[in-house]
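Work through the following exercises with the sequence and the structure beside you, and try each task before reading its solution.

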Amino acid sequence: MGSSSSNLNTIPNSQELMQETGFSAAHLLRLYERFEFLDKDNKGHLRPEDFEAVQELSTNPIGDIIIGSFFSPGQETVDFPSFVRILAHFRPAEKNRTRDGAQPEPANSSTGKLKFAFQLYDRDRDGKISREELLQVLRAMLEMQVTEEQLESMAERAIQEADLDEDDAISFDEFKKSLEKVNIDHKMSIHFMK
Amino acid sequence: MPSRTGARSSRSRPELGLLLLGMFVLLGGSLVPLGAASSADAAGGSTGKDAECNKTKTEHNITKKAFPVLSLEYGHVKVPFEISLWVLLASLMKLGFHLIPRLSGIVPESCLLISVGLLVGLLIKLAGEDVPPVLDSKLFFLCLLPPIILDAGYFLPIRPFMENLGTILMFAVVGTLWNAFFVGGLLFAACQIPQAGLSDVGILPCLLFGSIISAVDPVAVLAVFEEIHINELLHILVFGESLLNDAVTVVLYHLFEEFSLVGSVTVLDGFLGVISFLVVALGGVLVGAIYGFLASFTSRFTSHTRVIEPLFVFVYSYMAYLSAEVFHLSGIMALIACGAVMRPYVEANISHKSHTTIKYFLKMWSSVSETLIFIFLGVATVDGKHKWNWTFVTSTVILCLVARVIGVVSLTFVINKFRIVKLTTKDQFIIAYGGLRGAIAFSLGYLLDCRHFPRDMFLTAIITVIFFTVFVQGMTIKPLVDLLAVKKKQEAKRSINEEIHTQFLDHLLTGIEDICGHYGHHHWKDKLNRFNKKYVKKFLIVGERSKEPQLIAFYHKMEMKHAIQMVESGSRLPSAMPSTVSMQNIQPKIPPALPKPAERALPQLRKGREEEIRKILRSNLQRTRQRLHSYNRHTLVADPFEDGLNEFLLKKQKMIELDKKIKEMTTYLTVPAAAADSPTMSRARLASGRHTDFIPAHQQKGKPSDPQSYHVRPTADGVPSIQVDLASPDSPDSVKLLDEFRQAEKQEQDEDQGLMMRPPSSGPNKPGGKDEAKEQQKLMRCLSDPGPGADEDEDEDEPFLP
């Protein structure tokens, strides 16, 4: 691990990042290398165009949504710590981690992951997925293969099923509830980032 | 025999009568041949027919007998007759067990069936007959086993299976190998004990025995696990293991059988064995996949001959099995692969009736097969020439248990390092405990050559192990599951939300993996899906369906199921829906009858009432949400019809719009808070539906709805068909009208007759459709009712058509 720790010093605030996100040194290094690979002009931060250069993302139906999630609202660039923080959501959660109540919910717990996914739907960050937002996502996923009416009836049905307090939108708790049967931990973890 | 039946008939319960009937039928069938033996011989069978013609005609002088009016000739129907009797017995047993409620809760069906088999075997033996060699290996492997495996493979839940494939393979391959060698080796050691008298059993026969006994049996696992409703993960782990270990068993069996004749195994042979395993497993899957694609391709062209569609599914699958068996490949894996591969494409191509047929036939055949297998196990136990050797049998049982436990624990330890969702101790216990042995082991043992192997001793030991696992483990696993509070199977009510979000997450994870430059399993899954969509589906699925995205297909399926349930519940949705209540043209008729409106206030609808209405409407839409039952033998999902789907979808959409509109018109509801709120509502809940709480939907600022879209079906007794348009701007009169109703209602709290029209015949609406029927009635009645002062009849009969 000698060589990696010497490289680790080139990453600013590496210790804090590791502490905060739970990544190991090896993983952090790997992510840094990837960051540098994506950052073609060596600017030190990433712009949307750098993400779009990843070929497979262009064929991904929600590619734009994913790229957008890396950038905080209003910002045009993402630096390495933010990059790592977003990816920390996809670390497999550890069980039986004792943590005192003062610490915030770790990003890679089930709730943290769900919150991240929820934010992808809820673009305007008002805490609810409105019908329009759901329609946007559906439209993106179904890629013009269905008619607008079908989309609308599906969105309608989805909201009806999930909306328990009948405010015609899906709140985070309702979102969580509708996914209670899905093993979020399994579904939203990338294995190599242990 | 008479005494036994006499003792039984002293108890007067219908179920026992049914059992008795079954016994009699079977006994009668087996005793008849005794009497008919003489005439049977004379028939000679059909093979002799040709030979007979060539014989010189020497028998002209047959003495003339009286023409037989009634004769008995059993020989030429003997075999089918007996087969049918067995099948009948099996089915009657199944019926009988479910009639005795307590029994089926405590004892798993497999145990009961084996007991019945034992009983039948005993009876036959006591009757002095030869017990037919029912569990003949050929019969078993060619006729009894394939339906069960096909059923399992066709309905295999692909997603959990693929997600846990690594774990399943580990258990199936490594676990079975470990079991085989451990049991075989230690048995050999046990055989060396001088007192046992088994010193002539060599190492290779012991290893062969170990390989036979170590395989977890899919039939037994299916039978027991289906009743305990355990959670999906454990089910798929144990079940998947039982299916996939067939390849290992086949290879080991042939390997050891070959070499025990020779007497020694070299390293080369071991190496060849490994290669052989890969060939057997992958070859089986390949054969199955090829037949699966053939079947899918064939189903693409069946749109004109829907009737024989199920046949293709069955025949292609069976051919896959047989073809694999020709090459000594794993027939079970071929069957599984064939079913799993062909299912998505075939289901997209065939009609719904064919789909139902396939489902029912598969369940029926596999059910009967399973029952027969267990009964035959019982019969074969009675029949077999047993050689009981204490050492051998007890050490087999103990070693099997020990090997299973050690195997599972150590494998889990290794596997957990690679799994995201770890297997807990409870899981491990259930997996170990669920390793049941069954009829496959018995049949494999039966196939052994008795000259080279102590077959009888082996068979005795195998039967003992089977009995032990099925009876002891099978009976106790259910209370243990409850005791350990293992997670049970959840209602697989897959909602559209889940589907949408799961797909979304799939895409998300694929994207993140791409960003990280990591080719994880999401990446490959996505690539496979893309390939599938682009090339394979176009080739195998007919017409438009090939382009249908998965989400839409799922949504359509849901809608259809919903439609079918609404129809079945008697609400007859398209005609009996709470129509888009659009009020139009009411004013020409009403004003003369109404008092001056000026003084009327326009009270708001109380929030509570509005909520209630909304709830009713919503529950209307959601009440018949489909419940996807688990795919077990005892419950099958109701199938949607094809006809009228589009019409239904359209109307459904309109209904949704209605709901929207009703929600939007909160401020314009003018139904006052009637004092008798609760009696009103409660009366409304009665079938008579006399009182109404309606939603006068005038003054609607929403988009105009199509006035032609709905009309309430006029029923026989003169309920007018009203077409009311939400978008109608003529508010004031309607308001007054409705006010009148309110007043009228208030005045007539106790006396219901005068104000209201006769309720429309709630016949078609009644069964289960009370909610929407009431809604509809409410709406209709309110709007057409002119109020106490008006001439009732005049308005009653006038349809308010736009």
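Helices, which are counted in the percentages below, are DSSP runs of H or I with at least four residues, while strands are runs of E with at least two. The model used here is a predicted one.

**Exercise 1.** Find where UniProt places the feature "domain: EF-hand" in chain A, and describe the spans.

Solution. Begin with the record, an unreviewed UniProt entry, which places this feature at residues 109-144 and 150-185 of chain A. Next, take residues 109-144 of chain A, where 67% of the span is helix and 6% is strand, and where the end C-alpha atoms lie 35 Å apart. Then turn to residues 150-185 of chain A, which are 61% helix and 6% strand, with 32 Å between the end C-alpha atoms.

**Exercise 2.** Describe how helix α7 and helix α14 of chain B pack.

Solution. Two packed helices are described by the angle between their axes and the distance between the axes. For α7(B), residues 137-154, and α14(B), residues 309-326, the angle is about 115° and the axes are 10 Å apart. The crossing of α7(B) past α14(B) is right-handed. The residues that make the contact include B:F141, B:L145 and B:Y154 from α7(B), together with B:F314, B:S317 and B:Y321 from α14(B). Sorted by class, the contact has eleven nonpolar residues, one polar residue and no charged residues.

**Exercise 3.** Characterise the interface of chain A and chain B.

Solution. Count the partners: 56 residues of chain A are in contact with 58 residues of chain B. The two chains bury about 5400 Å² between them, and 63% of this area is on carbon and sulfur atoms. Finally, look for salt bridges across the interface, of which the rule finds zero.

Note on methods: Residues numbered from 1 in each chain as written. Chains lettered and ligands numbered in written order. Predicted model: local features only at pLDDT ≥ 70, side-chain atom pairs only at ≥ 80, totals over all residues. Heavy atoms only, no water. Axes fitted to C-alpha atoms, helices over the stretch in contact; angles between N-to-C directions. Left-handed = near helix turned anticlockwise from the far one by under 90°. Contact = heavy atoms within 4.5 Å. Nonpolar A, V, L, I, M, F, W, Y, C, P; charged D, E, K, R; others polar. UniProt positions renumbered as here; feature names shortened; annotations may be inferred. Buried area = accessible area lost by both parts, 1.4 Å probe. Salt bridge = Lys/Arg side-chain N within 4 Å of Asp/Glu carboxyl O.
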